[in-house]
Amino acid sequence: MRKKGCKEDDLFSFLSAKKDLDLSYASILSSMCTPPHPVAVKAHTLFIETNLGDPGLFPGTASLEQLLVERLSTLFRSPGGCGYATSGGTESNIQVLRIAKSLCRKESPNVVLPESAHFSFKKAGDMLGLEIRPVRLDSQKRMDVEAVREAIDANTCCLVGIAGTTEYGMVDPIRELSSLASDLGIFLHVDAAFGGLVLPFLPESPAFDFSLPGVSSIAVDPHKMGMSTIPAGVLLLRSLEHLCTLAIDTPYLSVKQEYTLTGTRPGGPVVAALAVLEYLGSEGMEAVVQGCMKNTRRLIAGMESFGIRRVVTPDVNVVTFEAIDIPEPWKVSWTREGHLRIVCMPHVHAGIIESFLNDIGEMYA
Ligand code: 0PR
């Protein structure tokens, strides 16, 4: 490092120049993140120095984490549920597989999940020595329940369903998975990292939450549709006993035990996540989410009017089309099967959709 520090002006012009290399959200149609809501930024800033890794020193911040868990558990219809704020879906999924593994005590445990599962489960399988068993999807890209039955065996420690798949925006048949899990006594985890803050705010949506008796845990990410600052995920469990399987003694901290994967944890994004939910309320969330779904439907109608067909009709605001050329400056993504994928996040508002459709129309109409 430099021996003498540089001038603040020089430092910030250097940093700003680097920031200018980043893309603007105005052209990003591929991301599950979105610029944070202004109240998230304000709340984050207020709690910038807090560390939830030593909650006894920050009891106010810790109580807000508990309130966030309470709000989301209630939203997912398990008012007495428990959990904690993670760094996002990856950590939530890793932690839940740790729980499932320790509960089942099998010698060669496996995890049955859909082919559409996020790659974080592969990381978890690798770290935990779990066999990951992807099962095929049906024609609508939802987990095929018959294939799930075939894949489950005596060593299955966890069944996973996705509520809002990363690539195609589908919700797996969680009701059927819940019945299967209850009948066979298997831990069922629902990865609602994306859909968890979409589905509760739609007038009609498939069941995915703790109202289904077989659902043991849910991952939801406020840093996606919750418009929080990054990183903000939440892992929720129906049973405190399950969460306690993660408990580690922390002898010299202000609390005796912790359940988290990371040690030092930022309070800022956690409070930011709560702030958005409190500020908007369910009415405000409905307005945002239903706006995103309206834009999703408009995008589908517009693309299909140019003869560019959707792959499936998504359950959430992630939409896929047959592959086409995409003009600058638009940033889209491509699924493993090569389909064009667009996420209609809050920043992808109606004007952006029309401008994108206009550009596509110039090439394909
Ligand atoms: N589960 C689901 C269903 C997800 O879609 C994701 C992330 C995760 C878990 C993991 O979440 P974290 O990345 O928060 O740990 N889905 C996005 C993806 O991989 C994340 C993302 C967001 C990628 C913005 C790119 C981007 O620009 O596609």
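Analyst: Happy to! Let's start with Arg 136, which is partly exposed, with a relative accessible area of 39%. Keep in mind that this is a predicted model.

User: Nice. Which residue does the side chain of Arg 136 meet in a salt bridge?

Analyst: That would be Glu 150, with 4.0 Å from N to O. Glu 150 belongs to helix H6, while Arg 136 sits in the loop between S3 and H6, so the pair ties together parts that are 14 residues apart in sequence.

User: And is Glu 150 buried or exposed?

Analyst: Glu 150 is exposed, at 55% relative accessible area.

User: Why do side chains like these pair up at all?

Analyst: Side chains of opposite charge can pair when their charged atoms come close.

User: How many salt bridges does the structure hold?

Analyst: It holds 15 salt bridges. One of them links the side chains of Asp 153 and Arg 133, at 2.9 Å from N to O. Asp 153 is in the loop between helix H6 (145-151) and S4, and Arg 133 is in strand S3, so this pair ties together parts that are 20 residues apart in sequence.

User: How exposed is Asp 153?

Analyst: Asp 153 counts as partly exposed, at 32% relative accessibility.

User: Let's switch to sheets. What is the strand order in the open sheet of 7 strands?

Analyst: The order is S1-S7-S6-S5-S4-S2-S3, and the pairing is mixed. Strands S1 (82-86) and S3 (131-135) stand at the edges with a single partner strand each, so one side of each has no neighbour in the sheet. On average, neighbouring strands in this sheet are turned by 20° against each other, ignoring direction.

User: How do S2 and S4 run, parallel or antiparallel?

Analyst: They run parallel, and 3 bridges join S2 (residues 110-114) to S4 (residues 156-162). Within that pair, Val 112 stands opposite Leu 159 in S4.

User: Which helices lie across that sheet?

Analyst: Helix H4 (residues 89-104) is one of them: it lies across S1, S2, S4, S5, S6 and S7, at about 175° to S5. Helix H7 (residues 174-184) lies across S4, S5 and S6, and runs at about 165° to S4.

User: What about the open sheet of 3 strands?

Analyst: Its order is S10-S12-S11, with antiparallel pairing. The edge strands are S10 (318-321) and S11 (333-334), and each pairs on one side only. There are 2 bridges between S11 and S12 (residues 340-343), and the bridge partner of Trp 334 in S12 is Leu 340. Helix H9 (residues 268-305) packs on this sheet, touching S10 and S12, and its direction makes about 10° with that of S10.

User: Last one: which residues make the nonpolar surface patch?

Analyst: Leu 11, Phe 12, Phe 14 and Leu 15 make it, and the patch covers about 370 Å². Leu 11 lies in helix H1 (residues 8-21) and is partly exposed, with a relative accessible area of 32%.

User: Great, thanks!

Note on methods
Residues are numbered from 1 along each chain as its sequence is written. This is a predicted model: local features need pLDDT of at least 70, side-chain atom pairs count only at pLDDT 80 or more; totals for chains, interfaces and linings use all residues. Side-chain values use heavy atoms; hydrogens and water are left out. Patches are made of residues with over 30% relative accessible area and no salt bridge: like charges are joined within 9 Å, nonpolar side chains (Val, Leu, Ile, Met, Phe, Trp, Tyr) within 5 Å. Accessible areas come from the Shrake-Rupley method with a 1.4 Å probe; for residues, only the protein chains shown count as cover. Helices (H or I, at least four residues) and strands (E, at least two) are DSSP runs, numbered from the N terminus. Buried means under 20% relative accessible area, exposed over 50%, partly exposed in between (1.4 Å probe, protein chains only). Two strands pair if DSSP finds at least two bridges between them. Axes are lines fitted to C-alpha atoms, for helices over the stretch in contact, and angles run from 0 to 180 degrees between N-to-C directions. Contact means heavy atoms within 4.5 Å.
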